[in-house]
Amino acid sequence: MSRCSKAVALSGAALLVAAALPATATARPTYEGSVTARELLAKVRSCTRISDGLFRSDADQEESIPVCGTSSVVFWKADLDIDCDGLGSPECNPDTDEYWQPETAYWDSEGYPLDSADLPFIVVPAISRVWDYNYSRIRGGTVAAVIYRNRVVYAVVGDVGPTDLIGEASHATARALGIDPDPTTGGVNSGVTYILFRDSRVTPIESHRAAVRLGDRLARKFVGRS
């Protein structure tokens, strides 16, 4: 199946699902799984810095964001810029995003770039002297809890960004968090926490259901409820 054909098929499937939903369908819950934002945030109040330096939230900002870590997680607190790269869709394409790229650093189990409009994923900084995510036992498919206000969404590591910037996630992640997902005007300037669970891996990477299942299990253990 070509990339274009797959995108059409995915769009058609989404329309079928939407048509099947009852008119009284409820709004998205404020958190996925069984662990609340408050529980998770309570465990990352203090930072033991594991990065050799600091990151910027945007190119015009000062270096101020550390990567922090415990024995089981890596985390940072930053903004959320919109990653619309990957499989083309009505939401993410050259017309909606002037910086759109047709690839993501990690691909799905069928050999296609990830679909940023459909799959919650986050972006890690490219390897540099400041931080090498491989040394922190983070890789493509690592599961992360992304928190904004009282919402928790489980995502996977799906793309790699510039070496000096941190705080970026897919269109789908932003939408699930209640953040404007528009790649040009969307995102938020602060208030987002990213908690990545070391040595974890979602298989297949494109299964959000698998990410929620694994993420919730690891989150429960992290907050002491396993």
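**Close-up 1. Four aromatic residues gather in one cluster.** Trp76, Trp131, Tyr133 and Tyr194 make up a single aromatic cluster. As with everything in these views, the model is predicted. Searching the whole structure turns up four aromatic pairs, and the next view picks out one of them.

**Close-up 2. Phe197 and Phe222 meet edge-to-face.** The two rings of this aromatic pair sit 6.3 Å apart, centre to centre, with 85 degrees between their planes. Phe197 comes from strand β7 and Phe222 from helix α4, so the pair ties together parts that are 25 residues apart in sequence. Buried or exposed, these two phenylalanines? Both Phe197 and Phe222 are buried.

**Close-up 3. Glu39 and Arg225 join in a salt bridge.** Here the side chains of Glu39 and Arg225 come together, with 2.8 Å from N to O. Glu39 belongs to helix α2 (residues 37-42), while Arg225 is in the segment after α4 (208-222), so this contact ties together parts that lie 186 residues apart in sequence. How exposed are the two ends? Glu39 counts as partly exposed, with 25% relative accessibility. Arg225 is partly exposed too, at 29%.

Close-up 4. The salt bridge between Asp164 and Arg56 has its closest N and O atoms 3.8 Å apart. That is inside the 4 Å cut-off for a salt bridge. Two loops are brought together here: Asp164 sits between β5 (151-161) and β6 (168-170), and Arg56 sits between α2 and β1 (68-69), with 108 residues separating the pair. Asp164 is partly exposed at 31% relative accessibility, and Arg56 is partly exposed as well, with a relative accessible area of 23%. Which residues make up the network of salt bridges with shared partners? Arg56, Glu63 and Asp164 are joined into one.

**Close-up 5. Asp199 and Arg137 form a salt bridge between two loops.** The closest N and O atoms of Asp199 and Arg137 are 2.6 Å apart. Asp199 is in the loop between β7 (188-197) and α4, and Arg137 is in the loop between β3 (121-125) and β4 (143-148), so the pair ties together parts 62 residues apart in sequence. Asp199 is partly exposed, with a relative accessible area of 49%. Arg137 is partly exposed at 37% relative accessibility. As a bit of background, side chains of opposite charge can pair when their charged atoms come close.

**Close-up 6. A disulfide joins Cys47 to Cys68.** The sulfur atoms of Cys47 and Cys68 are 2.0 Å apart. Turning about the S-S bond gives -95 degrees, and the link of Cys47 and Cys68 is left-handed. Cys47 sits in the loop between α2 and β1, whereas Cys68 is in strand β1; the two are 21 residues apart, and the pair links distant parts of the chain.

**Close-up 7. Cys84 and Cys92 make another disulfide.** How far apart are the sulfur atoms of Cys84 and Cys92? They are 1.9 Å apart. This link is left-handed, with -65 degrees about the S-S bond. Cys84 and Cys92 are both buried. The structure holds two disulfides, and with the bonded cysteines numbered in sequence order the pairing reads 1-2, 3-4.

**Overview. The fold behind the close-ups.** To place these views, the chain has four helices and seven strands. Read from the N terminus, its elements go α-α-β-β-β-β-β-β-α-β-α. The chain has 226 residues, and 47% of them count as buried. Among contacts in the chain with a separation of 6 or more, 75% come from residues 24 or more positions apart. The accessible surface of the chain is about 11300 Å², and carbon and sulfur atoms account for 51% of that surface.

Note on methods. Residues are numbered from 1 along each chain as its sequence is written. This is a predicted model: local features need pLDDT of at least 70, side-chain atom pairs count only at pLDDT 80 or more; totals for chains, interfaces and linings use all residues. Side-chain values use heavy atoms; hydrogens and water are left out. Buried means under 20% relative accessible area, exposed over 50%, partly exposed in between (1.4 Å probe, protein chains only). Rings of Phe, Tyr and Trp (its six-membered ring) pair if their centres lie within 6.5 Å; planes under 30 degrees apart count as stacked, over 60 as edge-to-face and the rest as tilted. A disulfide is a pair of cysteine sulfur atoms within 2.5 Å. Contact means heavy atoms within 4.5 Å. Accessible areas come from the Shrake-Rupley method with a 1.4 Å probe; for residues, only the protein chains shown count as cover.
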